[in-house]
Amino acid sequence: MPGKRGATLLEDLPEEIVDKILIRLPPKDVGRCRAVSKSWRSATSTPAFMLEHRRCQPLLPIVDGQGRPASLVVLRDAGAVKALHHQQLWPFLPGYKPLSQNRLRGACDGFLVVSQGYKFYICNPVIRKCALLPRPEREYNTIVGFYCHHSTEEYRVLWVSRPDHLSNSSLYVLTVGSDRPRQISVGMSTLSSPSAEQDLLSKLLYSSPPVHHHGSLHWGLFSYGNITGGGVNIIVFDTEAESFRWMHGSIHSQPYCNWKLFDMEETLAFWCSSSERSSMDVWVMQDYKAEIWAFKYRIDLSMVEASRQLYLTSFKKKKRRPLDSTVQYLDNMVVLNERELLIAFNMKNVLRWDIDGKFLGIVSIGKSQYCMSLTHHRLQESIVPIPGHDMMQEEYEEHPFSTGHA
């Protein structure tokens, strides 16, 4: 009921209305609500609330600033018109640390897997918690995948491991919260010999991070391999059955030299370019079961540079620092939202591009426009605790994995 002055207090609203309001708040504001009211702390701490709250959060692309001035950063909401020209990035790992010591290995449902030297951690940067991950008892271990096993709701890490550089590789799976990885077989009927299995594991080691789609992980083979004969080859790992298969797709266009898989608003897609890297063609999966791809659009270098020059001319009276070199070639691409793309160029810069062909500005980390690369990982902010580590989670006083939220 309204108070004495006629104002309706939040506590006066029906419980289901309060829940709908709380679930739409950013994580930072949920933390503030927990500090204000015991009933709100209780309501926002249930597993059902935390899971639904995570589902309401956007997927934020992660950019690597390579320690100058920040390491990993997330790009925030760019929906406001005033933010279209120059979007600031928030620190993900504040302060400089050598790139070799901190590497992002995977992201899934708000959890990140990060390596620091020979140690591997699962982290939730929103609640500033992390836990050490047990690794296979071998000398060389590489994480090639991180996923949720939906039938058990377990989070699992996929490793390729070997005792030394000259030995054969093996495949291991670690369930987050357990103390020992278990070995699994590749389980692909088309592999005719042990050497073919080793060849597949080697491809996983040197491929770009997998794309999550249809309950599977997808690796596009060879970032710089020719797409000959109009076909693409993809390794698929079914996260429920924990088995591998090949996916082949036919495309009818010019030969491409460089290509990479990415997620385009919950659709499997890949970009590809010629050896000159003067344009990028985007293809999307039209029929997943039939493995049919459809051409979506082309981003041409001359179009990008012309739009950039028009942008600089439009804002020449304002104090903006223009890029000191032209767009010479295109390197990489990820989706920012349903209308915008992030495009890496000249091996060090990132720009924002509207799908209608409009240049929207250069991405900066603080005052720096340089030394950035796109990771193809995304963070969906979550207040869910790390599973199976209730008594083992560490909270860093300096908050090394903070996204700015309490």
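**Figure 1. Exposed and buried sides of helix H1.** In this predicted model, Glu-16 and Lys-20 are exposed on one side of helix H1. The buried residues of this helix, which spans residues 15-23, are Val-18, Leu-22 and Ile-23. These three cover an arc of only 125° around the axis, and therefore they lie on the same side of H1. An α-helix has 3.6 residues a turn, so residues three or four places apart point the same way.

Figure 2. Phe-49, Met-50, His-53 and Arg-54 are the buried residues of H4. Because their arc around the axis is only 130°, they are on the same side of H4. The face turned away from this buried side carries Pro-47, Ala-48 and Arg-55, which are exposed. Which elements do the buried residues of H4 pack against? They pack against H1, H2 and H3, and also against strand E9 (154-162) and strand E24 (373-380).

**Figure 3. Strand E24 and its pairing with E1.** Of the 8 residues in E24, 6 are buried, so the strand is mostly covered. Strand E1, residues 59-64, is joined to E24 by 5 bridges, and the two run antiparallel. At one of the positions, Leu-59 has Gln-380 in E24 as its bridge partner. E24 is also among the elements that the buried residues of H4 pack against.

**Figure 4. Two nonpolar cores.** The largest nonpolar core contains 29 residues. Inside this core, the residues with the most contacts are Ile-122, Leu-133, Phe-146, Val-157 and Val-176. Helices H1, H2 and H4 each give two or more residues to the core. The strands that do so are E5 (111-116), E6 (119-124), E8 (140-149), E9 and E10 (170-175). Another core, of 23 residues, lies apart from the largest one. Among its residues are Val-284, Leu-330, Val-335 and Ile-362.

**Figure 5. The open sheet E8-E9-E10-E11.** Four strands form an open sheet in the order E8-E9-E10-E11, and their pairing is antiparallel. The edge strands are E8 and E11 (182-184), each of which pairs on one side only. From one strand to the next, the twist averages 30°. Within the sheet, E9 and E10 run antiparallel and are joined by 6 bridges. Arg-156 has Thr-175 in E10 as its bridge partner.

Figure 6. Arg-162 is in strand E9. Is this residue buried or exposed? Its relative accessible area is 18%, and buried means under 20%, so Arg-162 is buried. Arg-162 and Tyr-140 are 22 residues apart along the chain, yet their C-alpha atoms are separated by 5.4 Å. Leaving aside neighbours within four places in sequence, Arg-162 is in contact with Arg-138, Glu-139, Tyr-140, Ser-167, Asn-168, Ser-169 and Tyr-206.

**Figure 7. The open sheet E20-E21-E22-E23.** This open sheet has 4 strands in the order E20-E21-E22-E23, with antiparallel pairing. Strand E20 (330-335) and strand E23 (358-362) each have a single partner strand, so each stands at an edge with one side left without a neighbour in the sheet. The twist from one strand to the next averages 30°. Strand E21, residues 340-345, pairs with strand E22, residues 349-354, in the antiparallel sense over 6 bridges. Ile-343 stands opposite Leu-351 in E22.

Figure 8. The whole structure holds 10 aromatic pairs. One of them is formed by Trp-283 and Phe-295, with 5.6 Å from centre to centre and 75° between the planes, and is edge-to-face. The pair links distant parts of the chain, 12 residues apart: Trp-283 is in strand E18 (residues 279-287) and Phe-295 is in strand E19 (residues 292-300). Trp-283 counts as buried, because its relative accessibility is 5%, whereas Phe-295 is partly exposed at 42%.

Methods
Residues numbered from 1 in each chain as written. Predicted model: local features only at pLDDT ≥ 70, side-chain atom pairs only at ≥ 80, totals over all residues. Heavy atoms only, no water. Buried < 20%, exposed > 50% of the residue type's maximum accessible area, 1.4 Å probe, protein only. Arc of directions from axis to C-beta. Pairing = 2+ DSSP bridges. Axes fitted to C-alpha atoms, helices over the stretch in contact; angles between N-to-C directions. Contact = heavy atoms within 4.5 Å. Core = buried A, V, L, I, M, F, W, Y, C linked by side-chain atoms within 4.5 Å. Phe/Tyr/Trp six-rings, centres within 6.5 Å; stacked < 30°, edge-to-face > 60°.
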